[in-house]
Amino acid sequence: MTDEKKPEWFDPEKADSFSSVVKPGVAAGNTERSAVKSGRFVKKNNVPRIDPVSLAEDIKAGGRTALAKGITLIESNAEHDFQTAQTLLQKLLPESGRSIRVGITGVPGAGKSTFIESFGSYLCSKGHKVAVLAVDPTSSLTGGSILGDKTRMEKLARNPRAFIRPSPSGGKLGGVHRKTRETMLLCEAAGFDIILVETVGVGQSEVIVRDMVDFFMLLVLTGAGDELQGMKKGIMELADAVIVNKADGSNEQSAKKTKEEYNRILHFLQPATKGWQTAALTSSALQDKGIEEIWTTIRAFESFTKNNGIFDERRRLQTKQWLNDIIIDQLQASFFHHPEVKYLLPKVENEVISGNRPVASGVEDLFKAFFEAKK
């Protein structure tokens, strides 16, 4: 120990008070890392481009990694990824459309994630392949999302016949990510025959989910006040089934009573699907009660709508609505990215906010600048 080098401030007369020693340093550090300045983002060079044809074949073969990579590609907002994503979708379109798409919504706390885990596990046990597209709300302040659905569905996430993809809502009305439709196509091409779309659950704004699924399920609770007044009529008229969840323990009898109340009111509402009478059912995701009955109802709905042509007609209308949505998105992006609009917009905003100009007048000038520049 006597050969240990002491620091320059070492006092030999107070040796017992000093425990520090000088150790020899590393001869050569990491030259690659030392060249990078601390705290600076380093852009990777020569990033390999994705081959959409090869990726499509991997997805059709059931590759889970390829499916995840494909979804990430179509969710990308980068301009250089757009054409690659469209080529991928074009290659997979013939393999899509062969699933039953189920939308699941409900008020926060209704137990949607727990229900989906129980329901999805049941379907997997019956030999189905289940894809869960769980949409998390995006913060209006930070733009971030928790994306914790995979954690909440731990049992289902481990099932080899299930695939869970949490996605941020991106602020889209209804909490459904704007690329959810494309994601469904990829999952269908990968062989998943049941698609479950879990939405944020914020009330009447959930109507957008009706435009992308075949069967729409509304989860409700008991003991939350006047159930029929608390749940808006608009969202109930979109449901093909109302599920009174958490029907277990001391809450079981109350759930049965609530189911009867919903069935009475649903009898007087216009059904979401022509010829199909929406009914209320009870379930307990914790005890796996009512799950089989719910699946039987969905299968009966599928058979009914396919026999009378409603199933295919709804899919065609949904595709048309999808086209219109994309047109609106593209027009909006084109408008706000136009140089003349970007130049004029701050001036118009200040005039409108200060009360010196009507809003409609400002909008008219912006559109004039947009269209005149297009001539």
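Reader: Which side chain does the side chain of Arg210 make a polar contact with?
Author: That of Asp240, at 2.8 Å. A polar contact is a pair of N or O atoms within 3.5 Å; within protein, one must be able to donate a hydrogen and the other to accept it, and residues adjacent in sequence count only if both atoms are side-chain atoms. Keep in mind that this is a predicted model, where local features need pLDDT of at least 70, side-chain atom pairs count only at pLDDT 80 or more, and totals for chains, interfaces and linings use all residues. Residues are numbered from 1 along each chain as its sequence is written, and side-chain values use heavy atoms, without hydrogens and water.

Reader: Ok, is Arg210 buried or exposed?
Author: Buried, because its relative accessible area is 9% (buried is under 20%, exposed over 50%, partly exposed in between, with a 1.4 Å probe and protein chains only).

Reader: And what does Arg210 touch?
Author: Beyond four places away in sequence, its contacts (heavy atoms within 4.5 Å) include Phe215, Leu238, Ala272 and Arg314.

Reader: New topic: how many residues are in the largest nonpolar core?
Author: It has 42, and Ile59, Leu67, Leu186 and Cys187 have the most contacts inside it. Such a core is a set of buried Ala, Val, Leu, Ile, Met, Phe, Trp, Tyr and Cys residues joined through side-chain atoms within 4.5 Å. Another core, of 33 residues, lies apart from it, with Ile116 and Phe119 among them.

Reader: What about Leu186, what does it touch?
Author: Its contacts include Ile59, Leu67, Gly70 and Leu92, leaving out residues up to four places away in sequence.

Reader: And how exposed is Phe367?
Author: Phe367 counts as partly exposed, because its relative accessibility is 37%.
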